Amino acid sequence: MSLADAREKLEDWRRHYNEDRPHSAFGYNVPMAVHYPDGVTSPSS
């Protein structure tokens, strides 16, 4: 396992947590839908 591998796995987890996984606190919406209600799936980099 390398630092690059750890970064990649962490980014995959972050994307899943913030963009794919519904949260009960947001009415079972994904957090990105709360912050970007116009359908944007991720913030611009």
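Q: How many residues apart in helix 1 are Glu11 and Arg14, and about how many helical turns is that?
A: Glu11 and Arg14 are three residues apart in helix 1, which means that about one helical turn separates them. The model is a predicted one, in which local features need pLDDT of at least 70 and side-chain atom pairs count only at pLDDT 80 or more, while totals for chains, interfaces and linings use all residues. Residues are numbered from 1 along each chain as its sequence is written, and side-chain values use heavy atoms, with hydrogens and water left out.

Q: What do the side chains of Glu11 and Arg14 meet in?
A: They meet in a salt bridge, with 2.7 Å from N to O; the term stands for a side-chain nitrogen of Lys or Arg within 4 Å of a carboxyl oxygen of Asp or Glu.

Q: And which residue does Arg15 form a salt bridge with?
A: Arg15 forms a salt bridge with Glu11, and the closest N and O atoms are 3.2 Å apart. Arg15 and Glu11 are four residues apart in helix 1, so about one helical turn lies between them. Through salt bridges that share partners, Glu11, Arg14 and Arg15 are joined into one network.

Q: Where do those three stand on relative accessibility?
A: Glu11 counts as partly exposed at 30% relative accessibility, Arg14 is partly exposed at 31%, and Arg15 is likewise partly exposed at 37%. The classes are buried for under 20% relative accessible area, exposed for over 50%, and partly exposed in between, with a 1.4 Å probe and protein chains only.

Q: How many salt bridges does a search of the whole structure find?
A: The search finds three, and one of them is formed by Lys9 with Asp5, whose closest N and O atoms are 3.2 Å apart. Lys9 and Asp5 are four residues apart in helix 1, about one helical turn; Lys9 is partly exposed with a relative accessible area of 45%, and Asp5 is partly exposed with 24%.

Q: Switching to aromatics, how many pairs are there?
A: The count is one aromatic pair, where rings of Phe, Tyr and Trp (its six-membered ring) pair if their centres lie within 6.5 Å, and planes under 30 degrees apart count as stacked, over 60 as edge-to-face and the rest as tilted.

Q: Why is the pair of Trp13 and Tyr17 put in its class?
A: The ring centres of Trp13 and Tyr17 are 5.1 Å apart and the planes are at 25°, so the pair is stacked. Both residues lie in helix 1 (residues 3-20), four residues apart, about one turn of the helix.

Q: What surface patch do they make with Leu10?
A: Leu10, Trp13 and Tyr17 make a nonpolar surface patch of about 330 Å². Patches are made of residues with over 30% relative accessible area and no salt bridge, with like charges joined within 9 Å and nonpolar side chains (Val, Leu, Ile, Met, Phe, Trp, Tyr) within 5 Å. Tyr17 is partly exposed, with a relative accessible area of 32%.

Q: What is Tyr17 in contact with beyond its sequence neighbours?
A: Leaving aside neighbours within four places in sequence, Tyr17 is in contact (heavy atoms within 4.5 Å) with His23 and Pro31. Tyr17 and Pro31 are 14 residues apart in sequence and 8.3 Å apart in space, C-alpha to C-alpha.

Q: And what does the secondary structure of the protein chain come to?
A: It comes to two helices and zero strands, these being DSSP runs numbered from the N terminus, with helices as H or I of at least four residues and strands as E of at least two. Of the 45 residues in the protein chain, 11% are buried.

Definitions and conventions:
Accessible areas come from the Shrake-Rupley method with a 1.4 Å probe; for residues, only the protein chains shown count as cover.
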